[in-house]
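Hi there,

Here is the structure I promised to pass on. Have a look at it first, and then read my notes below.

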Amino acid sequence: MHREHIETEIRRRAGGYKPQTHLIADYYRVRRKIAYPLPIREITLPGLPIPGIQAYPWSIWMTWSLEERILCLGWAASWFDDERARRLAVADLDALAEWPCYRQLPIPDLSSGHAMRILWHAHTRWDWLPLRLRRKIERAFLRHVEDTLPLSDARHGEFESKDDVLALDEPHFALHNIPFIGTVGLALAANGISHPSADALNRRLEAILGAILDLRETGHSEGVGYDGYILDFAADWLGTISPGRGAALMDHPRFGDVLDESIALGAPGDVANVARLSDVEPLEMPFHVSGHAKLFRYRTSPRTGWYLKHCGLRRLRADALAALHGVDDDRQCEPPGAGAMDAHYAVVLRSGWEPDDLAVAMAASNSRMGHIHNDNGSIVIGARGRWPLSDPGYQQYMKKREREFTLGLTAHNAPVINGTAQTAKPPERRVVLRQCNGTTRMAELDLTACYPGALALDRAVRTLWLSGRDLVVLADRVRGASIESIDYHWHGHPDAAWWVQDNTARVYAPDLTLWIGSPHARITDENVDRLPGSRGHLTLSASADPSAPCVWWVFAMGDTPPAVTLQERGCGIRVNGRDFEIS
């Protein structure tokens, strides 16, 4: 990314913030926007009712927005000697340094993590801050450490090393993103004033992050959105500890897993638009990109360089732009190879990353973390910078119809068997990835353990093929003595239009068409509907013949419906002259 382009983007954003008298926080998950009067001198919890949630975490999205505002203004002051931006940044920081408390929850939480990071960023990066403000920030650091250190000690004080975490009966309970991010903010504050607790907090973070990395070997993940959130804060904190201690973590063989997720799950033509599987919001939570940008200063990598060059500037948060501003633009880049890829909580088959390429991602995780849904086998298909076959890709907090749409029976597209969706994630990932030939890739996933035992399934296996740049074929083998129904729910992109002809549904946008059909299901206009709670997705709901030896689904790009013929007593299929079969 060229430095002048980054500067132009920061100048544009700062120009938008200058006339604002209120900070706009978009609570998109509950469809609310709040205008907080500037400057903000404390956490204020709006009284707007949120059905089913008594104490909504308003402070999170407010501090996300405040961090963007202050960083854009501050870097405009630094790079362009913009006096108005400087005055506004100083006023916002002066108010932030006065907050009586930086957390909403009785733990090191997300709002405190962001607030401390804003103050730490200003204190360590901007030499133009008035001396009185620097001292005020230092007093804020001390006040926060005194307030929150006892809460951190109560939650994580027993962890001197990662072995202490791994020895727990349920170690994943100690590894959630919220207290980790809050503890990073606490450590930044302590390191910023050389507080006596700083070394203990740094060791605590080393223990927690080390345990996360070790457990990733057996499937631990919160999805790219939240894995990346942890990486983003870890990247800031790693710059405050000794190079040797930081290198010990960055040299871990699983430290690069989040980069794998980011690259593999990017839509062809828009790599920052990652697949919406489980609880992932690529536009609202691009923290993983910020983490890669910050780490690129310490560890250059041709893959990371390629990835960052392909992320559009307007998708990146201000801290990512600031990190890339100091990076030489001519560093070596190397595009990753296409084919069959493991994204750790998903598997991906793709022909490449250009707009005309095709990618299909399939959820495949055994993670115990709540942001990973019971959605194994669900697929999304990407082309032209987006995902025409989609998934809700988030979980609604309000206990209304939208929560059911994002987490309920019809939320994902793995088979619903006898009216029952998946209720668990398997203890082990049973995944096969294979490159069949030059243009065909295959992935297979055993879903049997994902369904309740009461179904008495002998097996439920999903096999997926990507052929060339225009065809995805899927086969479900569901066996059991009492299988009466197999139902499917295929969600289109929220902005897509639909048409049905010749037993095939068409998902249409001006620059692409995705055909969806099955020889085992009847598809008419009546099968396409907007389900209760949808934010725009239309859904093809269809029932398949449960007596078929294999249920086939075909997804084809192009102007005309695919030619489909069943073969080998239903155990094979020919699509547009290409043959697929199951063993």
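Is Ser194 buried or exposed? Ser194 is exposed, with a relative accessible area of 64%, where exposed means over 50%, buried under 20% and partly exposed in between, using a 1.4 Å probe and protein chains only.

Before the rest, some housekeeping. This is a predicted model, so local features need pLDDT of at least 70 and side-chain atom pairs count only at pLDDT 80 or more, while totals for chains, interfaces and linings use all residues. Residues are numbered from 1 along each chain as its sequence is written, and side-chain values use heavy atoms, with hydrogens and water left out.

Backbone first. Ser194 sits in the loop between α7 (177-192) and α8; helices (H or I, at least four residues) and strands (E, at least two) are DSSP runs, numbered from the N terminus. Its phi is near 50°, a positive value in a residue other than glycine. His344 is not a glycine either, and has a positive phi of about 75°. You will find His344 in the loop between β5 (339-342) and β6 (346-350), but this residue is buried, at 13% relative accessible area. There is also a cis peptide bond between Leu38 and Pro39, with omega about -5°. Pro39 belongs to the loop between β2 (32-37) and α2.

Now the helix packing. The axes of α2 (residues 58-80) and α3 (residues 83-96) come within 8 Å and cross at roughly 140°. Here axes are lines fitted to C-alpha atoms, for helices over the stretch in contact, and angles run from 0 to 180 degrees between N-to-C directions. The two helices are therefore oblique to each other, as angles under 35 degrees count as roughly parallel, over 145 as roughly antiparallel, 65 to 115 as roughly perpendicular and the rest as oblique. The residues that meet include Leu66, Ile70 and Leu73 in α2 and Leu88, Leu93 and Leu96 in α3, with contact meaning heavy atoms within 4.5 Å. By class, this contact has 10 nonpolar, 1 polar and 3 charged residues; Ala, Val, Leu, Ile, Met, Phe, Trp, Tyr, Cys and Pro count as nonpolar, Asp, Glu, Lys and Arg as charged, and the others, Gly among them, as polar.

For α5 (residues 131-156) and α8 (residues 198-216), the axes come within 12 Å and cross at roughly 35°. Leu149, Ser152, Asp153 and His156 of α5 make this contact with Leu201, Arg204 and Ile208 of α8. Those residues divide into 3 nonpolar, 2 polar and 2 charged.

Back in α2, Trp75 is worth a look. Trp75 is buried at 11% relative accessibility. Leaving aside residues up to four places away in sequence, Trp75 touches Ile10, Phe80, His121, Arg125, Trp126 and Ala322. Trp75 and Trp126 are 51 residues apart in sequence but 8.3 Å apart in space, C-alpha to C-alpha. Helix α12 (residues 287-295) is mostly covered, with 9 of its 9 residues buried; among them are His288 and Lys294.

Finally, the cysteines. How many disulfides does a search of the whole structure find? The search finds 0, a disulfide being a pair of cysteine sulfur atoms within 2.5 Å. The sulfur of Cys436 is 15 Å from the closest cysteine sulfur, in Cys550, too far for a bond. The sulfur of Cys550 is 6.8 Å from its closest, in Cys571, also too far. Cys436 is partly exposed at 35%, whereas Cys550 is buried at 0%.

Best wishes
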